[in-house]
Amino acid sequence: MTTTPRVSGARKFVAFDLGLFAALGGFGAGTGYLRSFTADACEPGRPCDDGLTALLITGGLLLWLIALFGALGLAENRAVEKPQRLPLGTTSAGVLTLGLLGAAPANGVAHPWMFAAAAPFALLTVVTGVRGERRIRRENADHLRARRLAERLHRTGVTVPGRITGVQRIDRAQGGRLTDPHRLRLDIHYPGPDGRSYTLVHTGTFPVYALPNVGGELAVRHDPRDPSAALATALPVTSRPLGDQLETLAALHRDGSLDTAEFTAAKARLLGTGLSAGASGGL
């Protein structure tokens, strides 16, 4: 399997332009600031026109913000099937560093304190970049292995019924609130061609109205030559009665967890299939 570069040549060119925008933005905003608040910043060669000063500050900040959000857009990969391109923390710290370095020669005069201010952010860029790059390399390797396994199972795998034997929440608390309250790890037992029972550990995010239960079933696709190589290929089917699921939906609608549109759609899926309304879940 061939892989494409995480950052293409065109993206590198855009990244260079955004870095230039950050430096120019820092220079413009810094120059405008000095001309506004420093008495000796205005000379015959550097007039302090109020309109020009305001334009320098506004234009400089705008250029810097364009560089920041543009760089974050380049770094972030919103495609679900692909991993992150670049560390977002590194990108933010790098844009801030370039802005401060651009402001160092503001108004045509060197300002050593600006270089000193940029130094810790430059160090932060390097440290977070190294750590983030290692993490992303691991994610890329895991993603590539999963793609290769999925393609292999698509060609040569067989599908068998699996049963959920364990459900564990793996959400992480942030500031006292759950950032992802329905991210679960499932232990799934399925039979192999040799008559033995195998276990697949699957991690996914599930809608609040279709959380999997122990004893639920789902399809598992595995390689008959290596039954331990497997992927979950369908959403779990809840073992709860249909009436209980409808009551759960109604309770979630009453307490505001589901709005009217979500409640109506989930109820329609339940009544249309008689099974768990989890067609948008995280497998």
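What follows is a short walk through some of the salt bridges. Keep in mind that this is a predicted model.

A search of the whole structure finds 5 salt bridges.

Helix H4 covers residues 112-156. Here the side chains of arginine 137 and glutamate 133 form a salt bridge, at 3.3 Å from N to O. The two residues are 4 apart in the helix, so about one helical turn separates them. Arginine 137 counts as exposed, because its relative accessibility is 56% and the cut-off for exposed is over 50%.

Helix H4 also holds aspartate 142 and arginine 145, which are 3 residues apart, about one turn of the helix. Their side chains meet in a salt bridge too, with an N to O distance of 2.1 Å. Aspartate 142 is partly exposed, at 42% relative accessible area. Arginine 145 is exposed, at 51%.

Now to another pair. Which residue forms a salt bridge with arginine 225? The partner is aspartate 223, and the closest N and O atoms are 3.5 Å apart. Are these residues buried or exposed? Arginine 225 is exposed, with a relative accessible area of 67%. Aspartate 223, in contrast, has 3% relative accessibility; the cut-off for buried is under 20%, so aspartate 223 counts as buried.

This pair also belongs to a network: salt bridges with shared partners join Arg152, Asp223 and Arg225.

That is where I will stop.

Terms used: Residues are numbered from 1 along each chain as its sequence is written. This is a predicted model: local features need pLDDT of at least 70, side-chain atom pairs count only at pLDDT 80 or more; totals for chains, interfaces and linings use all residues. Side-chain values use heavy atoms; hydrogens and water are left out. A salt bridge is a side-chain nitrogen of Lys or Arg within 4 Å of a carboxyl oxygen of Asp or Glu. Buried means under 20% relative accessible area, exposed over 50%, partly exposed in between (1.4 Å probe, protein chains only).
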